[in-house]
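I opened the model today to look up a few places in the chain and to write down what I found at each of them.

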Amino acid sequence: MMSFVKSLKMWLESTALSNGFIVQLYQWEDRGGTTPYLVIQPDGGSVQIPDQSNEHYFLLSLIADKSTGYAIESKARQIMSAILTNPITEFGYLECTGGLPMPIFTTDNRMILRLSLRLINTQIE
């Protein structure tokens, strides 16, 4: 079975949407510094049936550093716009399942925006 988390990471990198961010899979690990983060996490999906299309859900968390704060909103909008205008990827049909979410703030006042994504995989393995 294809790792869609890794496929999404490669897509973000190949489209330059992750430029200026540290990309992490599954879990955020704060490394200090002033670079914001993109964290890709699986978030469920539809029933997985062999030889059928299926859905995979993801959370794409944009985490600001302490000094950039609201700058991650423009990156979130850029990612959403890229998905809206080019939803077909090598690994399926990608879409945002909502608009810009309400920000979450960490205890040290880092802003986090969590984009919900849905991937419809039609590739039969």
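I began just after helix α1, where Ala 16 takes a positive phi of about 65°. I kept in mind throughout that this is a predicted model.

From there I went back into α1 itself and asked which residues of the helix, residues 4-14, are buried. I found Phe 4, Val 5, Ser 7, Leu 8, Trp 11 and Leu 12 to be the buried ones. They cover an arc of only 160° around the axis, which puts them on the same side of α1. I noted the general rule that an α-helix has 3.6 residues a turn, so residues three or four places apart point the same way. On the other side of α1, I found Met 10 and Ser 14 exposed.

Next I looked up Gly 69, which I located in the loop between β3 (54-63) and α2 (71-85). Setting aside its neighbours within four places in sequence, I found Gly 69 in contact with Ala 64 and Met 111.

My last entry concerns Glu 95, which has its place in strand β5, residues 92-96. Which residues does Glu 95 touch, not counting those up to four places away in sequence? I listed Ile 83, Ser 116, Leu 117 and Arg 118.

Key: Residues numbered from 1 in each chain as written. Predicted model: local features only at pLDDT ≥ 70, side-chain atom pairs only at ≥ 80, totals over all residues. Heavy atoms only, no water. Helix = DSSP H or I, 4+ residues; strand = E, 2+ residues; numbered from the N terminus. Contact = heavy atoms within 4.5 Å. Buried < 20%, exposed > 50% of the residue type's maximum accessible area, 1.4 Å probe, protein only. Arc of directions from axis to C-beta.
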